[in-house]
Amino acid sequence: MTTQEIVSKLWNLCNVLRDDGITYHQYVTELTYILFLKMAKETGAESQIPEAYRWDSLTAKSGIELKKFYKELLNHLGESCTGRVREIYQGAATNIDEPKNLEKIITTIDGLDWFSAREEGLGNLYEGLLEKNANEKKSGAGQYFTPRVLIDVMTRLVKPQPKERCNDPACGTFGFMIAAHRYVADQTDDFFDLDADTATFERTEAFTGMELVHDTHRLALMNAMLHNMEGTITLGDTLSNLGKNMRGYDVVLTNPPFGTKKGGERATRDDFTYTTSNKQLNFLQHIYRSLNADGKARAAVVLPDNVLFADGEGEKIRIDLMDKCNLHTVLRLPTGIFYAQGVKTNVLFFTRGRADKGNTQEVWFYDLRTNMPSFGKTNPLKTEHFTDFEAAFEAADRRAVQDERWNVFTREQIALKGNSLDLGLIRDDSVVDYDDLPDPIESGEVAIAQLEEAVDLLQSVVNELKALSEVD
């Protein structure tokens, strides 16, 4: 049985819970509680769980007794344990009312082909479940789940290295950091090429994050554990003063949440230079401030279009970004790749400079939006859609790249446009064929239109005068 088959079987269990009124997201959370116990048994990691609350104790019970024991188990693991176990189960509560449904889930999980699951990687199995949840529109999870294809492209281009500190300040289910961890592992033969201290650093310190939503934080902890990652994943709000300590990073990879703070209030961080209620602008401020000012620390960030052209504080933040960092590339992403349909997004790639001024000389734009197919569940984004962009991004001489989607604007040109970065989109052939349009001045269209307007005006005056003479 492949990982994909196991994921499908686990996902189909959610049909069992419909009568209990359980949502898809609640189902994944519920699965996390149960899968943790089973996976701890399968990986020989049960020592961190009290013997009375291990997997075999759970499978030994049924009916009302099982439901009662399960509630007791969740409470005990969340209050009396330590470390990752306590973090995952803290505040845990079950939404399953029907004991037979709980029993069926446990029995099904116990009967899966766990040998195959271990061979293919338990982390891959869990990520598959999270992806399945994100692709189900009714779950609403896609709003925080970035397509894995995009995560992998961003990670490949940023190239995290051993000994570097990587962070995601809005980490969701920890997908970006898992991709960064996987990238370093692939470059170092699963860390075997590293000395013992560096290998320990990669496992315990290199990859960190912060997540605001409790249930999502729980999923992130589980995801990290199954990938043998022990870095700190904090439950909290990066845009509160808790985020002030998140700094000194070599790499940031993230897709911050879209929207404004509830009620329109400003961020509670008291160290931001520019105050705004726009979450993305605040996250952008946080990200470039959190990078080491060494000329090498870098970031790739998914942001909506409004960040590129918002005026007022938005313009000031873009100027500050281009002063402190080399904003070298903006990827204009296609629509339809996120749960919220119609949201227009971009990836900003930048490197923190050593100085606080003059780091951006020019910005390259790649338009992956115009004249692209409509993406969605039936037509997902694929690796090959990024092939030309990656080639342009990695080119030794960017000016030698022959690609109409690839354009550059100097810092001076951007300043003349009011420091807007809403640039680089090519002509849209679906709207009009520009080459076939005659010049409106040369063709006389403008003069004809002006003459027609004058005739209309004269006619209206004549009509008014005629009406007056008839009254007299």
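Biologist: How many bridges join β4 to strand β5?

Modeller: This is a predicted model, where local features need pLDDT of at least 70, side-chain atom pairs count only at pLDDT 80 or more, and totals for chains, interfaces and linings use all residues. Residues are numbered from 1 along each chain as its sequence is written, and side-chain values use heavy atoms, leaving out hydrogens and water. Strands here are DSSP runs of E, at least two residues, numbered from the N terminus, and two of them pair if DSSP finds at least two bridges between them. β4 and β5 (residues 298–304) run parallel, and the number of bridges joining them is 4.

Biologist: Which residue in β5 is the bridge partner of T254?

Modeller: T254 sits in β4, which covers residues 251–254. Over in β5, its bridge partner is V301.

Biologist: And which residue in β4 is the bridge partner of N167?

Modeller: Strand β1 (residues 166–168) pairs with β4 in the parallel sense, over 2 bridges. The β4 partner of N167 is V252.

Biologist: Are V251, V252, L253 and T254 buried or exposed?

Modeller: Buried means under 20% relative accessible area, exposed over 50%, and partly exposed in between (1.4 Å probe, protein chains only). V251 and L253 point one way from β4, V252 and T254 the other way. Whichever way they point, all are buried.

Biologist: At roughly what angle do the axes of helix α9 and helix α10 cross?

Modeller: Axes are lines fitted to C-alpha atoms, for helices over the stretch in contact, with angles from 0 to 180 degrees between N-to-C directions. Helices are DSSP runs of H or I, at least four residues. The axes of α9 (residues 148–158) and α10 (residues 175–187) come within 9 Å and cross at roughly 50 degrees.
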